[in-house]
Amino acid sequence: MILKHMLQYSPDLDLAFQALADPARRGMLERLTLGPASVSELARPFDMTLSAIVQHLKVLEAGGLVRTEKVGRVRTCQIEPAALSAAEGWINQRRTTWEQRFDRLEQYLNETADAAEDKDKQP
Amino acid sequence: MTERSVTHATFCIERTLSASPARVFKAFAEQKAKDAWFTGAPHWVRTERSMDFRVGGRETSSVGEPGGVQHRFDATYYDIVPSERIVFTYAMHLDETLMSVSITTIELAAVGGKTRLKFTEQGAFLLDPADAPQREQGTHFLMDAVEAFLASEAAEA
């Protein structure tokens, strides 16, 4: 299953998936796809303490999904899609290509099985 | 200044094939057999092909839609153990743009009359700013993927 294999790409991606495996963090990320936000703006829709939000942010940062920057007294958060697009774009495409090739290899081996059996059976 | 990025990643594919390791190996070693499965999309055409299957030998293949982007595979073989292992490196170009450079290991093991194939690719995947529009798409894709993944996990639980 392709999605499960995605988890094995790299430790970075494992962290990214860990970060995404929480509805609050996905909600925060969706908010950030609209544009940068301060921590308090990010916290507003959630029924959570600010420190809980900050904890979630740390997980998102560790997963490489969000970048935060403190300007004066305000910490601004923005999405960091580079890590995602890298893994998603080329690596996923590459895996799919090889999966398709191996589907055809399987088909080829099945189609040529009869002809090969005699040869294989040589002692 | 142009921003460039590279992602290092490893992925692994495992398959159990209904054939002996010798037959699976042959499907990698002989061009005629390999051409039966090592192809692009069904309507793509091959514009270049060479295969020199020995240690130090090269293999090339260019495929793509007629008149479209050429996907060029350029490999060098480093280790060949018949019916057991093949190690090669390959570069992937889309037209003139280098997309990735990888080390690939194919391991074959007999398992009860079948063959366990383990494919491992370790690569440097190169990404240029020209790919930027894909980023947003990529994010949405990943969101969908995560949802599907979590749903499948929930279904299994």
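Let's start at a glycine: A:Gly64 follows α5(A) and has a positive phi, near 75 degrees. Helices here are DSSP runs of H or I, at least four residues, and strands are E runs of at least two, numbered from the N terminus.

A word on the source. This is a predicted model: local features need pLDDT of at least 70, side-chain atom pairs count only at pLDDT 80 or more, and totals for chains, interfaces and linings use all residues. Residues are numbered from 1 along each chain as its sequence is written, and chains are lettered from A and ligands numbered from 1 in the order in which they are written.

Now the layout. Chain A has seven helices and three strands. Along the sequence the pattern is α-α-α-β-α-α-β-β-α-α.

Back to α5(A), residues 50–62. Which of its residues are buried? A:Ile53, A:His56, A:Leu57 and A:Leu60. Buried means 20 or more other C-beta atoms within 10 Å of the residue's own, with C-beta atoms placed from the backbone. These four cover an arc of only 105 degrees around the axis, so they sit on the same side of α5(A). That arc is taken from the directions from the helix axis to the C-beta atoms.

Next, the sheet. It is open, with three strands in the order β1-β3-β2 (chain A) and antiparallel pairing. Pairing requires at least two DSSP bridges between two strands. β1 (37–38) and β2 (66–71) of chain A are at the edges, each with a single partner strand, so one side of each lacks a neighbour in the sheet. Two bridges join β1(A) to β3(A), residues 74–79. A:Ser38 stands opposite A:Thr76 in β3(A).

Technical notes. A residue is buried if 20 or more other C-beta atoms lie within 10 Å of its own, exposed if 12 or fewer, and partly exposed in between; C-beta atoms are placed from the backbone.
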